[in-house]
Amino acid sequence: MSARQPEMVNVARLIAAGRQLQGRLPLQTMDRLGEMLVENKGEVEYNLHFVRDDQNRQMITGELVATVVMQCQRCLAPVSIQVQRSMAWECVWSEAQFPNIAAGHDPYLMEESPVALAGLVEDEMILSLPLVARHEAHEACTPPQFSGGEDDRQDEPDTREPHPLADLARLKRKD
Ligand SMILES: [Zn+2]
C-alpha cells in the first residue's frame, strides 16, 4: 500500500472562497504529536471554517476533538485525555502584523504555497495537550511506590528517582 498523499491547502484561497473543511485525520500520521503520546491510535476530528469576520480579518476558526493516551505523571500508567479545542486563528502575511491581532485570536502566518492540512491540525493538537497529564479524581491512580494513600495527592509529581526508602529496604534485605 502506498502512503496517502497529505491534503494540501492554500489558506488565503480557502478564506477568499469562505470554505469549511471537515473530516478526520489519523494520529498515526502526526510524528511530533506522537512523541508526546503513549500510543498513536485514534483520530482527530476537525471542523474548520475559513472566513473573513465582520472586521474583515482573515480567520480560521473551528474545533478539534480527539482522545489521546498520555502517561499519567502520578502513577505512570496510561491515561486517556479528551481534547476539545476551539480555535480562532487570525491569518496575516507577516510577523510585523502580529501586534495588530485582536485579543483572543492566535496569530497564523500565511504562506504563498499550499500547506499540509495535517500540519495545521497537528500544531494545534500539540498546543492543546495538558502540560502534566493526570488521572481524574474518579479514576484509579496509585503511585507505584505506595499502596493505599489514595487521598494524599500532591500538586506536583514526584521526581522519577526511586524512593530513598527503597534503597534502605534493599540494604536491609542483604543482611
Ligand atoms: Zn494515574
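Tutor: Let us begin with Leu 33, which lies in helix α2, a helix that spans residues 31-34. Please keep in mind throughout that this is a predicted model. Is Leu 33 buried or exposed? Its relative accessibility is 0%, and because buried means under 20% relative accessible area, Leu 33 counts as buried.

The next step is to ask which residues surround it. When neighbours within four places in sequence are set aside, Leu 33 is in contact with Leu 27, Glu 122, Met 125, Ile 126 and Leu 129. Leu 33 and Met 125 are separated by 92 residues in sequence, yet their C-alpha atoms are 7.4 Å apart in space.

Now consider the matter from the side of Met 125. Residues up to four places away in sequence are not counted here; beyond them, Met 125 touches Leu 33, Val 44, Leu 64, Ala 66, Val 68 and Val 83. Met 125 also belongs to the largest nonpolar core, which has 39 residues. Within that core, Met 125 is one of the four residues that touch the most other members, together with Val 11, Val 68 and Tyr 108. Several elements build this core: α1 (11-17), β2, β3, β4, β5 and α3 each supply at least two of its residues. The element that gives the most is β5, with six residues.

How many aromatic pairs does a search of the whole structure find? The search finds one. This pair is formed by Trp 89 and Tyr 108, and it is stacked, with 5.5 Å from centre to centre and 20° between the planes. The two partners come from distant parts of the chain, since Trp 89 is in strand β5 and Tyr 108 is in strand β6 (residues 106-109), 19 residues apart. Trp 89 and Tyr 108 are both buried.

Let us return to Leu 27, one of the contacts of Leu 33, for Leu 27 is also a contact of Thr 67. Thr 67 is found in strand β4. Neighbours within four places again being left aside, its contacts are Leu 27, Ser 80, Ile 81 and Gln 82. Thr 67 and Leu 27 are 40 residues apart in sequence, and the distance between their C-alpha atoms is 9.9 Å. Thr 67 has a relative accessible area of 36%, so it counts as partly exposed.

Strand β4 has a partner in β3: the two run antiparallel and are joined by nine bridges. Within this pairing, Leu 48 stands opposite Gly 62 in β4. Strand β3 (residues 43-52) is also joined to β2 (residues 20-26), again in antiparallel fashion, by seven bridges. There, Gly 23 has Tyr 46 of β3 as its bridge partner.

The hairpin of β3 and β4 has five residues between the strands. One of the residues in that loop is Asn 56. Most residues other than glycine have a negative phi. Asn 56, however, has a positive phi of about 70° although it is not a glycine. Leu 76 is likewise not a glycine and has a positive phi of about 70°. Its place is in the loop between β4 and β5. With 35% relative accessibility, Leu 76 counts as partly exposed.

A zinc ion is also present. Which residues coordinate it? They are Cys 72 (SG), Cys 75 (SG), His 135 (ND1) and Cys 141 (SG), at 1.9 to 2.4 Å. The angles among the four donor atoms are 106 to 117°, and the site is tetrahedral. Along the sequence, the donor residues follow the spacing C-x2-C-x59-H-x5-C.

The protein chain has four helices and seven strands, and buried residues make up 31% of its 175 residues. Among its contacts with a separation of 6 or more, 54% are between residues 24 or more positions apart.

Key
Residues numbered from 1 in each chain as written. Predicted model: local features only at pLDDT ≥ 70, side-chain atom pairs only at ≥ 80, totals over all residues. Heavy atoms only, no water. Donors = N, O, S within 2.8 Å, 3.2 Å for Na, K, Ca; no water. Tetrahedral: all angles 85-135°; square planar, octahedral: opposite > 155°, others 65-115°. Pairing = 2+ DSSP bridges. Phe/Tyr/Trp six-rings, centres within 6.5 Å; stacked < 30°, edge-to-face > 60°. Buried < 20%, exposed > 50% of the residue type's maximum accessible area, 1.4 Å probe, protein only. Core = buried A, V, L, I, M, F, W, Y, C linked by side-chain atoms within 4.5 Å. Contact = heavy atoms within 4.5 Å.
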